[in-house]
Amino acid sequence: MSFKRKDLLGLASLSQEEMALILDAAEPFKEVSGREIKKVPALRGKTVINLFFEPSTRTRTSFELAAKRLSADVVNFSPSSSSVMKGETLLDTARNIEFMQADILVLRHSSAGAAEILARNSRLSVINAGDGWHEHPTQALSDLLTIQEKKGQVRDLHVAIVGDVAHSRVARSNIYALTKMGANVRVVGPPTMIPLCLHRLGVTVYHDFDEAISGVDVVIMLRLQLERQGRSLFPSIREYARLYGLTAERVQRAAKDVLVMHPGPVNRGVEIAHDVVDGNAAVILEQVANGVAVRMGLMYLLSQRN
Amino acid sequence: MTQTKSRHESVIMDRHEMTRALTRIAHEILERNKGCHDVGLVGIRTGGVYLAQRLKQLVSQIERTDVVLGELDITLYRDDLALRKNQPVLKKTDIPFHISDLKIILVDDVLFTGRTIRAAMDGLMDLGRPAEIQLAVLVDRGHRQLPIRANYVGKNIPTAKDENIRVFLEELGEEDRVSKLIEAERTA
Amino acid sequence: MTNDLKILITGGQVIDPGHWNGVADVLIERGKISAVEPNLQSKLQKVKGVEIVDAKGLLVCPGFVDLHVHFREPGFEYKETIATGSAAAVAGGFTSVCCMPNTHPINDSRSTTEFILAQAAAAGKARVFPIGAITKGSKGEELAEIGELFDAGCVAVSDDGVPVMNSLVMRRAMEYATAFHLPVIDHCEDSQLAPGGCMHEGAVSTELGIPGIPKATEEVMVARNIALAELTGSRLHLPHVSTVGSVRMAREAKARGIPVTAEACPHHFSLTDEAVRSYNTNAKMNPPLRTDEDVQAIKEGLQDNTIDIVATDHAPHAIQEKQLEFDEAPFGIIGLETAFPLTLSLVEEGTLTLEQAIAKLTREPARVFDLPYGTLVPGVEADLTLIDLNATWVVDTARLHSLSRNTPFAGWTMKGRVVKTFVGGTVVYDREDIL
């Protein structure tokens, strides 16, 4: 089986086999990133455009490194330096990029569906690097790879996703990825942060973290958007940390060899305690390393499309 | 309209000839490099890997020393990557030693156009700076498109360009042999 | 819009809700209906100068009345003008339309009202009735000069598009409007309850990650407005009812004798939030497409007359405005040219009788705004629509009369097609002219 898609827009529409294919493709690139000369010529002569409408140094850097290690030429567009501020529509921006003969467009945008709209109207291969609250597929795939490496397989694992699920694209992509791979997913957060009808995605909703964490194999902590304080989603950071922060004590309630994950950047002492971030259970940095490999594998697969 | 494929196989080297050729190559390697203390064997996926493993064993039998062994996947270095219809399966390159300053002996089953070896050399260079790169192949069938020549050759087999030479290996579930395959397509 | 010619529309199935339902001929004299009777043709054979319109096999009914359109003029003529909007109206069988005041400037003055009426007269297609603003600039703060708007020709008041959030202002508006017996329309939406919302809040919005608009956003305002109507005795018209709860509250209010009327839009009983799935901005409107349960409730509301009328909320937007990210694109779709077949599908599925469906497009809206149209009783202006109920057609946006193309029904096969439209006895739309 080969990867037939033009774009990667989200995991909701991907099959288990397609996700496995991307993970398999990522595997050999981990070795490349471990070399002294971290470069292979697979995408030589290809152009990758990082079009980031939202600031994200971390994701953009990961995509940039991935593309560069594949020998692609990489150009970063960001709103302040592009014509977006001059009233150009997203589609016009994309058409311009297309006619510069770029091959892959990596898009980060605050609007849900931006990547899908763009992909539909362009010949470019579009990779969704986060669209509003919708999806962040490469993050979830890196998480999947990390879990698979550490646990051998994802099937039948108990995974808790904790935090502001309603406003999290990472949560949505992870829910799709994990449920499709056969994990049992629990979602934990205050009711203000759990969207309506979430159970329809095949997850179990909890509001009590202590109850939800008991016996889980993996805990994925979501970043608390501190700027949301004052919008009545939670009364105070203090109370949030007390009810939904991952402390060493809570880690004890999970399975013995639990993995603690976080998409970063971490608010130490808020959603996750300082000693847990640096503790043995945390695989947060492995997630980052796997992020580059997954993005390399994905770009390799997309560039092989005929 | 139906197409029927009939395959005719003629064996060029049998199991014994293969072993003899590999044993000779092992001797030649040791002779040329005055032993094997600064030598590393690197098999090119897939066939070359098993031949390199056999050479490693033969060398250690002859010399009673061990020689380091690695595996190289050249998919990412191919010059026809974008042209191929099917996505080649990516495998891992696994060279568990530093290649810098070693004499690296690339091992492959069939030497044909030379493009695979070009890609393998590029791949190796990205991993370090070997003192020397040598090339060992079981079969050289000619028709080079690049200025590449093997240092160790099991057997030279003159071929027509469209002929198909296949090396079958025990490790891949076949009986050891080198064959010329003639595929005739009949349209009925 | 009158002429001296006599026109006889012969052999059609005439439905004039409450007055006639059966095959009859319709005689038009001096632009007015003069008779609806069977076999008029034989009686009139000797009279000269009668133009015969053969309506055999067609439905003949009063011209449709739409209480809710946006014609964008003045201010946004690139979306729609009164001329293009009126052309779309008559092509959809509508002979009278009421246009919302959210133009630029907002229609909160006599001069804007008069401008709209003048443009409509110049266009010479549908009758256009302006709806005046409730508050100055629709800012929700000070009352507009409602008396002056009434004098100038406004048939109702509304700050459509924006709700009147301040309940005291709304109370005063309702009290004041009763002096002119004007219906008050409030876009029922507690905007603070759905910050950034752009689709129904539910399973689909959760999956798509689109900020949601919960049903309660509409329902809290419906509840408030009903309470204020009860307090003030004002006529309250609830536009584009979209939820189970709104239907229930309207039903209950009517049962208690509160002067409430309600409307439903074809898209709210034809589509659900599933239509948004591909981030289709032509499925983005406010109130948003809801769920099956709501569609069902709206149909029940139409059936038991809790919902009095069908109105389009025809809201044109230019292509470049809709070709944006989902949350950036404006709310609204065009509806005049698809409203009838979508309503007819309620007849096909057995929700409404044909006469009921026609009533909700004619007699009932005319009653809600006190317009002397929507009927064929002798003496009224001859506004009629001739329809081929069995014709099927595919919605091709390139062939719509509206200046805009924003419809979620593009490519749909529709059953029921307007063939001819008369306003004041004059043919303003004739499908044969196009063919």
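## Domains of chain A

Domain bounds here come from an automatic or database domain assignment. For chain A this gives domain 1 (16-135 + 291-303) and domain 2 (137-287). The centres of the two domains, taken over C-alpha atoms, are 26 Å apart.

The contact between them (C-beta atoms, placed from the backbone, within 7 Å) takes 19 residues from domain 1 of chain A and 18 residues from domain 2 of chain A. On the domain 1 side, α1 (16-33), β4 (125-131) and α11 (284-303) each supply at least two residues; helices (H or I, at least four residues) and strands (E, at least two) are DSSP runs, numbered from the N terminus.

## Basis of the model

This is a predicted model, in which local features need pLDDT of at least 70 and side-chain atom pairs count only at pLDDT 80 or more, while totals for chains, interfaces and linings use all residues. Residues are numbered from 1 along each chain as its sequence is written, and chains are lettered from A and ligands numbered from 1 in the order in which they are written.

## Helices α1 and α5

The contact of α1(A) with helix α5 (residues 137-151) of chain A involves A:M19, A:I22, A:L23 and A:A26 from α1(A), and A:L141, A:L144, A:L145 and A:Q148 from α5(A).

## Contact with chain C

Chain A places 23 residues in contact with 16 residues of chain C. On the chain A side, α3 (90-99), α4 (114-120) and α6 (169-180) each supply at least two residues. The most come from α4(A), with three residues.

Definitions and conventions. Two residues are in contact if their C-beta atoms, placed from the backbone, lie within 7 Å. Axes are lines fitted to C-alpha atoms, for helices over the stretch in contact, and angles run from 0 to 180 degrees between N-to-C directions.
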